[in-house]
Amino acid sequence: MSTRCDHSPVWAELQAHFDQDGAASGRGFDIREAFKADAGRFQALSFAAPEVFADLSKNRIDATTLALLLKLARDCGLEARRDALLRGDPVNHTEGRAVLHTALRAPAGSHAPFNAEVQASLDAMLAFAESVRRGDRGAITDVVHIGIGGSDLGPAMVVQALEAFRAPGLKLHFVSNVDGHDLAPVLRGLDAAHTLFVIASKTFTTQETLANAQAAKAWFLAEGGTDVARHFVATSSNTAAAAAFGIDTAFGFWDWVGGRYSLWSVIGLPIAIAVGAEHFRALLAGAHAMDQHFATTPLERNLPVLLGLLDVWYRNFHGFTSRSVAPYHQGLRRLPAYLQQLEMESNGKGVDLDGQPLAIGTSPVVWGEAGTNGQHAYFQMLHQGTDVIPVEFIAVKRPHHGATGELAAKLADQHRKLLANCLAQSQALMQGKTAAEAATEKAPTASATLDRDVLARHRSFPGNRPSTTLVLEALTPSSLGALIALYEHRVFVTGALWGINSFDQWGVELGKALCNQLLPRFESGDTAGLDGSTAGLLQRLLSA
């Protein structure tokens, strides 16, 4: 069924290229030497896609590497796999489903699958969002969105990112963890008469979401709320279960909408309430523009393809097991968490499409923090640690602080500092510092008694550490939509090359099943049949 990249004869060509000796080859490639040898390297390895500019020049690649990676993509049928996805073929073969998040952002009247149904669903959801913003359901000051996984991470990330576009006087809260310490602080101080709850669960059976929903309902009634139907709405296809809960307004969606790809659907209701219909449509339009880029741009300039190929090069040849994402914009502070699910749930697989074990690594660990906070936390390891970890910087050229007067001038200066830090970090990762260079410097905090050469070794940096920088002109609904879609397609590219199904998530199921088996034991205290560790921990947790 699958054409795995490691089964292609081009794989052996790439391995031979990687194993060559010298600073200009794969294994020993030195980015610093590459810049010295090629004055046009930045221009040659910079690429523009809708709303996103990408600098790949600080990576351990050259024209030969890229040519071989592109040859690999073609030999493995990447274009055919892409076209099948966009056409609506059942590419999620373990569940027999199409994967059509791209159809959710296609414009009205297009030839995208299910276009009429998608537009009707979108129009209904946006009409409801606008009614809430107008006050048709009373003076709503707080919206509490209850979901988990893709039903939480996407909407929460986007609402934070688009803070500058949010309606004044309206607060959005997101609750996902079944731990009551997530819900309780949110409810504290809210007024039931002015609160709207959005319950997000396709099946209306998700354990964590329903537990929080029931607790929220109990709070609402205890606080004097009487009209559940007016203050609770569902984004769910199980209208019967929602009705049994007391909800009469439910927006359904299709089985081809995967959780981690669902923010474009009615799951995006809190986004639409926060920023309004016009900006929500701009979010969709930005994503659609990236869809078109992915669908039609030759592979040599196709940014999702190039990023995906780079990921394969690093994961399977260099052996890098991790990638850090550092967005230099506070609005994107939840993007790394969102990308963790998008990539690791999609491509954290150990068998190919035929169910055969893979002999190569798949998803790297994706993690990160907003700059400049990350610089004062984990960047030490990036610069001087024993592992090489590629870093992805995201810079936003123009801020949107909404300030005036002296404050505006101060914040503009801070934005320049922010961007300078972003560029400095990628420059430092690449350049490094030799012990000889460090020995010529004076470090104010260094011990005066430590041998100079020993101190210099402590203050040296290996350099040649790769990074990619993505640049947005501004953080807007359109640019954010394009950025998210870029990551979605990049994940698909790597999954297609590895020959895996990026759209199921069976690894989540076992823990759920065992949890359901353990719950009754917290009432009975019965440990029969449990392993020694689980039995001991259960007894410990239940002890007086």
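Let's start with V471, which sits in strand β10, residues 467-474. Keep in mind that this is a predicted model. Is V471 buried, or partly exposed? Its relative accessibility is 26%, so V471 counts as partly exposed; the cut-off for buried is under 20%. What does V471 touch, leaving out residues up to four places away in sequence? The list is E51, V52, F53 and A395. For scale, take V198. V471 and V198 are 273 residues apart in sequence. In space, their C-alpha atoms are 34 Å apart.

Now the cores. The largest nonpolar core has 115 residues. Within that core, the residues with the most contacts are M125, V158, L269, F280, W313, Y338 and L480. Which helix gives this core its largest share? That is α20, residues 477-498, with 13 residues. Look at L480. Setting aside neighbours within four places in sequence, L480 contacts M157, V158, A161, L162, L283, L332 and L475. There is also a second, separate core, of 21 residues. Its members include I146, L187, L190 and A234.

Next, helix α13, residues 277-296. It has 20 residues and spans 28 Å from its first C-alpha to its last. That is close to the 28 Å expected at 1.5 Å a residue. Buried residues of α13 include F280, L283, L284, M290 and F294.

On to helix α8, residues 180-187. Here L183, V186 and L187 are buried. Why are they on the same side of α8? Because they cover an arc of only 95 degrees around the axis. The general rule: an α-helix has 3.6 residues a turn, so residues three or four places apart point the same way.

Last, a helix pair. Helix α7 is residues 150-161, and helix α15 is residues 335-347. Their axes come within 9 Å and cross at roughly 145 degrees. The crossing of α7 past α15 is left-handed. Which residues make the contact? From α7, they are G150, L153, G154 and M157. From α15, they are L335, A337, Y338 and Q341. Two of these names came up earlier. Y338 is among the residues with the most contacts in the largest core, and M157 is one of the contacts of L480.

Conventions:
Residues are numbered from 1 along each chain as its sequence is written. This is a predicted model: local features need pLDDT of at least 70, side-chain atom pairs count only at pLDDT 80 or more; totals for chains, interfaces and linings use all residues. Side-chain values use heavy atoms; hydrogens and water are left out. Helices (H or I, at least four residues) and strands (E, at least two) are DSSP runs, numbered from the N terminus. The expected span of a helix is 1.5 Å times one less than its number of residues. Buried means under 20% relative accessible area, exposed over 50%, partly exposed in between (1.4 Å probe, protein chains only). The arc is that of the directions from the helix axis to the C-beta atoms. A nonpolar core is a set of buried Ala, Val, Leu, Ile, Met, Phe, Trp, Tyr and Cys residues joined through side-chain atoms within 4.5 Å. Contact means heavy atoms within 4.5 Å. Axes are lines fitted to C-alpha atoms, for helices over the stretch in contact, and angles run from 0 to 180 degrees between N-to-C directions. A crossing is left-handed if the near helix is turned anticlockwise from the far one by less than a right angle, and right-handed if clockwise.
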